[in-house]
Amino acid sequence: MSKNTLKNIRSALRKSANEADARILKRFFKTGPGEYGEGDLFIGVRVPATRRVAKEYRNLSLADTLTLLKSDIHEERLLALIILTRKFQKGTPEERAVVYGQYLDHTKYINNWDLVDTSAAHIVGAYLQNKSRKPLHALARSEYLWDRRIAIISTFHFIKNNDFDETLTIAEMLLSDTHDLIHKAVGWMLREVGKRDISKENDFLLKHYRNMPRTMLRYAIEKFPEEIRKQYLKGTI
């Protein structure tokens with residue numbers, strides 16, 4: 001039964017596959033030699049179609065969902081993470097704990113920014129809302145790029161609940177990170193803090209902006225008034 005279910009869900013996904021889109025996605029997600037998504041495989045399924053398949057197979061077993069998450073096919077991993085997110089959201093506290101644990105046990109397969117951004121806040125952030133945030137600190141210190149992105153993006157859940165301190169803590173931990181995708185993620189989360197409490201973001205930026213990676217700063221101040229943006233970028237604020 002399990003094999004038939006997986007065969008059916010993969011078949012349903014491939015009905016929306018398109019070779020031209022696959023070529024575009026391979027370039028977009030940087031799958032070339034030495035790039036962050038090196039070797040990733042795409043079949044060319046767009047996200048709305050993937051979500052439709054996920055809705056149809058929303059009751060897929062956890063075991064089958066994890067099998068799907070281990071796929072070489074990017075869209076199958078995304079599909080698995082969408083289903084896993086729903087399992088977390090609809091689950092009992094015990095089921096949520098299992099999903100959270102399995103998520104962190106499988107981060108090697110959550111290996112591109114869209115996979116992280118689709119799931120981290122909804123699972124890791126939501127689970128840790130009223131718990132110790134130390135697991136995020138461990139992720140932020142990881143040598144694995146995607147663990148570090150999971151750490152900062154998970155805090156989006158806290159931001160949405162007007163809880164900003166952990167975002168600022170993780171952002172500070174990642175200030176010296178060398179990867180552009182972390183710079184963008186941290187800047188984005190700082191911007192989200194600023195949408196809700198501009199003084200919190202400004203206090204952080206005034207302390208750190210001179211030493212922040214340029215991309216991080218640009219993302220963080222994207223919505224600021226033009227004159228203030230210029231002052232930050234010129235270092236005259």
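Tyr209 counts as buried, because its relative accessibility is 5%, below the 20% cut-off for that class. The model described here is predicted. Tyr232 is likewise buried, with a relative accessible area of 2%.

A search of the whole structure finds nine aromatic pairs. In one of them, the rings of Phe28 and Trp113 have centres 5.9 Å apart and planes at 70°, so this pair is edge-to-face. Phe28 belongs to helix H2 (residues 19-28) and Trp113 to helix H7 (residues 113-127); the pair therefore ties together parts that are 85 residues apart in sequence. Phe28 counts as partly exposed at 49% relative accessibility, and Trp113 also counts as partly exposed, at 24%. Tyr209 and Tyr232 form an edge-to-face pair too, with 5.0 Å from centre to centre and 90° between the planes. Because Tyr209 lies in the loop between H13 and H14 and Tyr232 in helix H15, their pair ties together parts that are 23 residues apart in sequence. Ring pairs also link Phe28, Phe29, Phe42 and Trp113 into a cluster.

Helix H13 (residues 198-208) has the buried residues Glu201, Phe204, Leu205 and His208. These residues lie on the same side of H13 because they cover an arc of only 95° around the axis. They pack against helices H11 (165-173), H12 (180-196), H14 (214-220) and H15 (226-234). On the face of H13 turned away from this buried side are the exposed residues Asp203 and Lys207.

Ile228 is found in helix H15 and counts as partly exposed, at 33% relative accessibility.

Definitions and conventions:
Residues numbered from 1 in each chain as written. Predicted model: local features only at pLDDT ≥ 70, side-chain atom pairs only at ≥ 80, totals over all residues. Heavy atoms only, no water. Buried < 20%, exposed > 50% of the residue type's maximum accessible area, 1.4 Å probe, protein only. Helix = DSSP H or I, 4+ residues; strand = E, 2+ residues; numbered from the N terminus. Arc of directions from axis to C-beta. Contact = heavy atoms within 4.5 Å. Phe/Tyr/Trp six-rings, centres within 6.5 Å; stacked < 30°, edge-to-face > 60°.
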